[in-house]
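Thanks for making time. I have one structure to go through today, and I will keep to geometry. Please have the sequence and the model open.

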Amino acid sequence: MAQLELSGVRKRFGNLEVIHGLDLQIEAGEFVVLVGPSGCGKSTALRLICGLENLSAGDIRMDGKSVRNVAPSKRGLAMVFQSYALYPHMTVAQNMGFSLRVERVPKAERDQRVLEAAKILQLDSLLDRKPKELSGGQRQRVAIGRAIVRQPKVFLFDEPLSNLDAELRVQMRFELARLHRELGATMVYVTHDQVEAMTLADRIVVLRDGRVEQVGAPMELYRDPVNAFVAGFIGSPRMNFFAVTVDAMSGGVARLSMAGLQGGPVEIPCGDTSIAVGDTLKLGLRPENLEVDGTLPLSFEARIDFVERLGGTSFAYAPDFAAGPLIATADLDEGEVRPQETRRLTFSADRCFLFRGDGSRIGSD
């Protein structure tokens, strides 16, 4: 395993700059997930690390040594792609050991490495099968095994689970977490799925438009997002955002009003002297902090348009709520929530987040 450092990394395609001065340090043995919407630059960053793309500016170092001018095959990295890219005419063992064969690793050592990787991935009983005889999850494990046998310093994963169905994705998340514990390897993982990021990562790097929005442990980002983008991206379902108006500022506390609010106003500590009466801000509230027919002091009534039932928990959606689209968690203890009915939703101000018009969070400075 190796330490990995990106310093001032930039990437341009012609006049289009897609990575803007990326700075990131990944410790040896750490599992870091790059997450963000499509087009944010996460896969490009991974390709820069492995050398499939050339840097426009900046440097990438492994254990303190620059790899900017080192060929991809010499960097000590192994990459697992979204596509399995297995040779259909080869067995599992032959697919896993192919790169070692190309490198002229002696057969005895090659077979030993393949068997060790197969045992880790629970593929040792499938070594004589062809890819067509495997499930999607098994094929992905073969692709991971192909990386393990190379004994890389850093593993790179580019959305490796996106081609799997929902059940297999959950299973493979468990497999990857177990693999990281057993190998203790440095891993950099790219996904657009924030559930994968929250489940797997030691630290998450949230990217938007080729820039880092925030870096931190999963629950750190969830509990203390620096801006509305991170707050809305981390958490499933996403955070609710409501337009609110500043009615008064007194003793460092902002008094806020919002359409449809009962029991208000909302009062939130705010030491920002730039906030003035009459300003329009964003109030953030996570779905689990809304109680259906609850007893919390603040409330509003919302007409439920759609209910997503997941068993023990349901999510109620009210897209036409006056202050903005709304999602609330509806547990079974709260009674059955049905579409086309109006319910009273309650919350408290101490569970709210407050954001400026540009999305920056008030209270995180």
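Predicted model: local features only at pLDDT ≥ 70, side-chain atom pairs only at ≥ 80, totals over all residues.

Two packed helices are described by the angle between their axes and the distance between the axes. Here the pair is α2, residues 92-102, and α4, residues 136-148; the angle is about 35° and the axes are 7 Å apart. The crossing of α2 past α4 is right-handed. On the α2 side the contact is made by V92, N95, M96 and S99, and on the α4 side by V142, G145 and R146. By class, that contact has three nonpolar residues, three polar and one charged.

Rolling a probe the size of a water molecule over the atoms shows where empty space is left. The largest pocket holds about 520 Å³. It has 21 lining residues, and A78, M79, F81, S99 and R150 are the closest to its centre. The largest contribution comes from β6, with four residues. The lining splits into 15 nonpolar, three polar and three charged residues.

The second largest pocket has about 230 Å³ of space. Its lining includes M90, A93, Q94, G97, F98 and R101, and also K107, R110, D111, V114, L115 and L127. At least two of the lining residues come from α2, and at least two from α3, which covers 107-120. By class there are six nonpolar, two polar and four charged.

Last, the backbone. Most residues other than glycine have a negative phi, and most peptide bonds are trans.

The peptide bond between S236 and P237 is cis, with omega about 0°. P237 sits in the loop between α8, 228-233, and β11, 240-250.

E159 has a positive phi, near 45°. This residue is in the loop between β7, 154-158, and α5, 166-183. Is E159 buried or exposed? Its relative accessible area is 14%, under the 20% cut-off, so E159 counts as buried.

D293 also has a positive phi, near 55°. Its loop runs between β15, 291-292, and β16, 298-303. With a relative accessible area of 42%, D293 is partly exposed.

That is the end of my list.

Key:
Residues numbered from 1 in each chain as written. Heavy atoms only, no water. Axes fitted to C-alpha atoms, helices over the stretch in contact; angles between N-to-C directions. Left-handed = near helix turned anticlockwise from the far one by under 90°. Contact = heavy atoms within 4.5 Å. Nonpolar A, V, L, I, M, F, W, Y, C, P; charged D, E, K, R; others polar. 1 Å grid on protein atoms, 1.4 Å probe; cavity = no way out; pocket = protein on both sides within 12 Å on 5 of 7 lines; lining within 4 Å. Points joined across faces, edges and corners; volume = space filled by probe spheres on them. Buried < 20%, exposed > 50% of the residue type's maximum accessible area, 1.4 Å probe, protein only.
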